[in-house]
Amino acid sequence: MSMYVVGHKIPDSDSICGAIALAYLKNQIGEPAKASRLGEPSPETQFILDRFGFEAPELKMSYAGEEVYIVDHSELTQAPDDIAEATIVGIVDHHKLGDLTTSTPLECWIRPVGCSNTVIKMMYDFYNVDIPKDIAGIMLCAILSDTVIFKSPTCTTADIRCVEALAEIAGVEDFKALGMEMFKVKSAVGGTAPRDLVMRDFKDFNMNGNLVGIGQLEVVDLSVFDNIKADLEADIAALKAEGNRHTVMLLLTDIMKEGSELLIVSDDAELSKKAYDIATENGRAWLPGVLSRKKQVVPPLQGVFA
Ligand SMILES: [Mn+2]
């Protein structure tokens, strides 16, 4: 039986590149595997796939009766809707441990590093499998994306060493320049509908029974939002009104100034003050030094909802 290797809903570059890289490794060690995805590739991910000559993995939403290797999360809200009817054979991740459970033993490769692809590189080393040049290229881009070219507080020396080794294999001489090229693609937000921008990198979290949705847009200069910020605010308000979320947040992250503007709509008007000790004004707050959703935004919120 062949397994599917799949990342989270609203896939980012780590989820797509990680599924491709891990499926290749699994096939090399005699475990048939196929990469798949739970949504459309972002412009950044498409740039990476094009750059190294890959097609996007198969779009597959239903996994009932299948064996599944989960990449880049361990949260029910981010997994396939029918994951309870599938067999989870493994998880490779670098986030907090979520609420996915299994009824059979599984392998887990979970490390507190900057990117799932860093853990997948450790898996290649463990199994002593050579990484093909093109796969090394997409893995290195995923790590540069997740670590914001090493600026994120989630970045570890393991991530930096991995990128250096992968750049060597991929024949990428200036990986920081490649990273900037990628973030410039990510910064092109003009001409995109507000809802598409809000949902581009959006994750739902179950915080002690409260559904909290957090989107993030990482750009090289926040001025790209000057003309659309009001539309984005209207859209997160609409998104909250449509569903059962306690809070919808959108982080506009400036990777050069190294901070994020928080746009928030919440049942609790004091949420930002409670979580980050920074009060919002008209639903906005500047969070200095905040680049990472998983390390700087989610944990204080979990504390508030505990
Ligand atoms: Mn990741």
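Biologist: What spacing do the donors of the manganese ion follow along the chain?

Modeller: Those donors follow D-x57-D-x21-H-x51-D. Asp14 sits in helix 1 (residues 13-28) and His94 in the loop between strand 5 (87-93) and strand 6 (107-110), so this pair ties together parts that are 80 residues apart in sequence. Helices (H or I, at least four residues) and strands (E, at least two) are DSSP runs, numbered from the N terminus.

Biologist: Happy to follow that. What should I know about the model itself?

Modeller: This is a predicted model, in which local features need pLDDT of at least 70 and side-chain atom pairs count only at pLDDT 80 or more, while totals for chains, interfaces and linings use all residues. Residues are numbered from 1 along each chain as its sequence is written, and side-chain values use heavy atoms, with hydrogens and water left out.

Biologist: What makes a protein atom a donor of the manganese ion?

Modeller: A donor is an N, O or S atom within 2.8 Å of the metal (3.2 Å for Na, K and Ca); water is not among the atoms, so sites may look incomplete. Asp14 (OD), Asp72 (OD), His94 (NE2) and Asp146 (OD) lie 2.1 to 2.3 Å from the manganese ion, so they meet the 2.8 Å limit. Both Asp14 and His94 are buried.

Biologist: Which residues does Gln78 touch?

Modeller: Leaving out residues up to four places away in sequence, Gln78 touches His8, Lys9, Leu38, His73, Lys203, Asp204 and Phe205. A contact here means heavy atoms within 4.5 Å.

Biologist: And why is Ala170 called buried or exposed?

Modeller: Ala170 has a relative accessible area of 8%, under the 20% limit, so it is buried. Ala170 belongs to helix 5 (residues 157-170). Its contacts, not counting residues up to four places away in sequence, are Lys133, Ala136, Gly137 and Leu140. The C-alpha atoms of Ala170 and Ala136 are 5.4 Å apart, although 34 residues separate the two along the chain.

Biologist: How do you know that strand 4 and strand 5 pair, and in which sense?

Modeller: Two strands pair if DSSP finds at least two bridges between them. Strand 4 and strand 5 are joined by 5 bridges and run parallel, so they pass that test. Ile70 stands opposite Ile91 in strand 5. Strand 5 is also mostly covered, with 5 of its 7 residues buried.

Biologist: What makes strand 3 and strand 6 the edges of their sheet?

Modeller: Their open sheet of 6 strands has the order 3-2-1-4-5-6, with parallel pairing. Strand 3 (58-59) and strand 6 each have a single partner strand, so one side of each is left without a neighbour in the sheet. Helix 1 packs on this sheet, touching strand 1, strand 2 (33-38), strand 4, strand 5 and strand 6, and its direction makes about 170 degrees with that of strand 2. Axes are lines fitted to C-alpha atoms, for helices over the stretch in contact, and angles run from 0 to 180 degrees between N-to-C directions.

Biologist: What order do the strands of the open sheet of 5 strands have?

Modeller: That order is 7-8-9-10-11, with mixed pairing. The twist averages 25 degrees from one strand to the next. Strand 8 (residues 210-219) and strand 9 (residues 247-254) pair in the parallel sense over 8 bridges, and Gln216 has Leu251 in strand 9 as its bridge partner.

Biologist: How many helices and strands does the protein have, and what makes it as compact as a globular protein of that length?

Modeller: The protein has 10 helices and 11 strands. Its radius of gyration is 19 Å, close to the 19 Å that the globule rule gives for 306 residues, so the protein is as compact as a globular protein of that length. The radius is taken over C-alpha atoms, and the rule is 2.2 Å times the number of residues to the power 0.38. Buried residues make up 55% of the 306.

Definitions and conventions: Buried < 20%, exposed > 50% of the residue type's maximum accessible area, 1.4 Å probe, protein only.
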